[in-house]
Amino acid sequence: MFVYFLRKLIVILPTFFGVTLVAFVFIRTLPGDPVMLMAGERGMSPERHAELMAEMGFDKPIIVQYGLYLKQLAGGDFGTSIITKQPVLKEFATLFPATIELSICAMIIAIFFGLPAGMIAATRRGSVFDHTVMTSALTGYSMPIFWWGLLLIIFFSGILGWTPVSGRVSLLYYFETVTGFMLIDSFLSGQEGAFISAMSHLILPSIVLGTIPLAVIARQTRSAMLEVLSEDYVRTARAKGLGPMRVIGVHALRNAMIPVITVIGLQVGVLFAGAILTETIFSWPGIGKWMVDSIFRRDYPAVQGGLLLIAAIVMIVNLVVDLLYGLINPQIRHTD
Amino acid sequence: MPLLEIDNLSVTFQTAGGLFTAVDRISLHIEPSEIVSIVGESGSGKSVAVLALMGLLPWTATVTADVLRFDGQDLTTITKPELRKIIGCQMAMIFQEPMTSLNPCFTVGFQLTETLKIHLGMNRAEQKRRAIELLELVGIPEPEKRLSAFPHQLSGGMNQRVMIAIAISCNPRLLIADEPTTALDVTIQAQILDLLLKLQKEKGMSLVLITHDMGVVAETAERVFVQYAGQQVEQQPVKGLFARPHHPYTQALLNSLPERSNSRILPSIAGIVPGQFDKPQGCLFSPRCHYATDLCREKPPTAGPVEFGNALCHYPLADGVPTNYPQEVRA
């Protein structure tokens, strides 16, 4: 098991290196540079522009800049934002809990509804329920996030007035940041209504962000379940006189979970990508929105550092998924 | 009173090409502590018949029977939860493929103790003690260690022993073994058969052995049912069957045993079991039977008298010669 872990870890390193390169090159291929964007419409004399670029070290050949960046990274320094003059790591750490909170809630919704929906669809293959679930899943999967988000806002916030339009908590409440997770902080503050307010702010963005993972999980669970249900060991389980709940919920599900877990892991990457749109629509102060803002400002260090940190988290999650995979499927665990 | 009574059991499947009768009016009476064998080629509906009895067929199957009674309980009117109390407990089954019949995600111990918990309501300590006892009984070395092993860590023979341990865990009155040795090496086959016979004797349970191997039948069974294309074509005590088969199919099966052959080429029965779309009009065996006459090809036979092993044949064999056979054809 330890060797298995180590091997997975070694595979991650080149990927990590690749991400630094991609992030570094990608942001510099965009037209414009941070100085020009700071100057805005007034413009700036070429001399002053060159001077400021040199100040920030952007005048050196790109390969040298990359070398310096790697050296800086090796020292554990993710750089400093050009705009806010704050260390990238610190900005990331401040905003990250908001994204995590949103992603976790989205994932909970996706798993909580996707898994049972897929399971029931598989056991009642060809039924009305099956067709309904699969059609909805396809629709959900194909729906552009920004459009879906706006639809929900119009309906639930605009017409029904049930949920707030944007933000993380009502301005009526103010409390200290303890964990950065609004649900926990509002609860700890003990202020009446604060927790409910945080909840109601979280619900729509979570649904929007969770829709695609939900659809993918439901479809994957259904197909994995269908495959497993025709296996000999499921017949054995039934021949033992076990009830359908136990046959499906224990014997079949454990095996069907193997591909589903992999898909859930991959969806974490999708979640971060989706968070960018979702956070922008709902003005959610997370890293997705921060990344978009940084790209617009050509804040090179922030974009590089942010992408790298996001990539690192996605990779770590996938590593954990790989380990879980080994735990669920003993054949994997023992062959390594 | 027979332990198991089956009269006119039929199973039909709804398929894309229409209804398919996999089992056609078979009857089976099994006494307590009796060993009975069902023989036939692949596709003759042996497994389907017992799966129907256990209620393990998919929903596309329709099962009908005049009588389906186990230990005095009518299985045709029983509810599913009631049936689940019987199967796995009073009536247990082992399957052909030991490597795929055990769940790869759970330990041997988990899969073995499950029935003990559900049917017998044992607590954890009792379950463990009984599980070790069962593994010892089926001849697995170091049983305590094996409890935490996964199926892929054991060999096919060992897995089949585990399957047997699971099946006998609640001391069933009837054990159905569906080709239990087909997927195993020849040396292991003999061991598993010996084990089944030993357990049958010790526990006094009835054993239904489904096989296509006549050699296995000769070594184990007391009574034999021969099945062909979903129909029961003959039933006899094992000695009589081997000495004087009454149905041409049984005779052909016996003739194709390598040890009975004295020619250089292994004898075989030409052709295959008819399927859904090529069922003959008359006797189902007529296309492959070398005694077949026009009558056989046109009219389905009815079961013969007991002295002819209920042979489903127009001209049941007596001492290897068809009876009432039309003179002109023989010539």
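Predicted model: local features only at pLDDT ≥ 70, side-chain atom pairs only at ≥ 80, totals over all residues.
Figure 1. On the side of chain A that touches chain B, the elements that give two or more residues are α10 (232–239), α11 (244–281) and α14 (330–335) of chain A. The most comes from α11(A), which gives seven residues to this side. By residue type, the side of chain A that touches chain B holds eight nonpolar, seven polar and seven charged residues. Between chain A and chain B there are two salt bridges. In one of them, the side chain of A:Lys240 meets the side chain of B:Glu114, with N to O at 2.7 Å.

**Figure 2. The area buried between chain A and chain B.** The size of an interface is often given as the accessible area that is lost when the parts come together. For chain A and chain B, the buried area is about 2,300 Å², and carbon and sulfur atoms give 58% of this area. Of the area that chain A buries against chain B, 26% is supplied by A:Arg235, A:Ala239 and A:Lys240, more than by any other three residues. The contact involves 22 residues from chain A and 29 residues from chain B.

Figure 3. Strand β8 of chain B covers residues 174–178, and five of its five residues are buried. In a regular strand, side chains alternate between the two faces of the sheet. Which residues of β8(B) lie on each side? On one side are B:Leu174, B:Ile176 and B:Asp178, on the other B:Leu175 and B:Ala177, and all are buried, which leaves both faces covered. Strand β7 (residues 91–94) of chain B pairs with β8(B) in the parallel sense, over four bridges. Here B:Ala92 stands opposite B:Leu175. Strand β9 (residues 206–211) of chain B also runs parallel to β8(B), and five bridges join the two. In this pair, B:Ala177 stands opposite B:Leu209.

**Figure 4. Chain A as a chain of helices.** Chain A has 14 helices and zero strands. Its C-alpha atoms fill a box of roughly 85 × 55 × 40 Å along the principal axes. Of its 336 residues, 47% count as buried. Among the contacts in chain A between residues at least 6 apart in sequence, 73% join residues at least 24 apart.

**Figure 5. A:Ser186 in helix α8 of chain A.** A:Ser186 is placed in helix α8 (residues 182–189) of chain A. Is A:Ser186 buried or exposed? A:Ser186 counts as buried because its relative accessibility is 1%, and the cut-off for buried is under 20%. The side chain of A:Ser186 reaches the backbone oxygen of A:Leu183 at 3.0 Å. Leaving aside residues up to four places away in sequence, A:Ser186 touches A:Phe175, A:Gln191, A:Ala194, A:Phe195 and A:Ala198.

**Figure 6. A:Leu68 in helix α4 of chain A.** A:Leu68 is found in helix α4 of chain A, which covers residues 62–74. With a relative accessibility of 42%, A:Leu68 counts as partly exposed. A:Leu68 and A:Gly57 are 9.7 Å apart in space, C-alpha to C-alpha, and eleven residues apart in sequence.

Notes. Residues numbered from 1 in each chain as written. Chains lettered and ligands numbered in written order. Heavy atoms only, no water. Contact = heavy atoms within 4.5 Å. Buried area = accessible area lost by both parts, 1.4 Å probe. Salt bridge = Lys/Arg side-chain N within 4 Å of Asp/Glu carboxyl O. Nonpolar A, V, L, I, M, F, W, Y, C, P; charged D, E, K, R; others polar. Buried < 20%, exposed > 50% of the residue type's maximum accessible area, 1.4 Å probe, protein only. Pairing = 2+ DSSP bridges. Polar contact = N/O pair within 3.5 Å; in protein donor to acceptor, adjacent residues only side chain to side chain.
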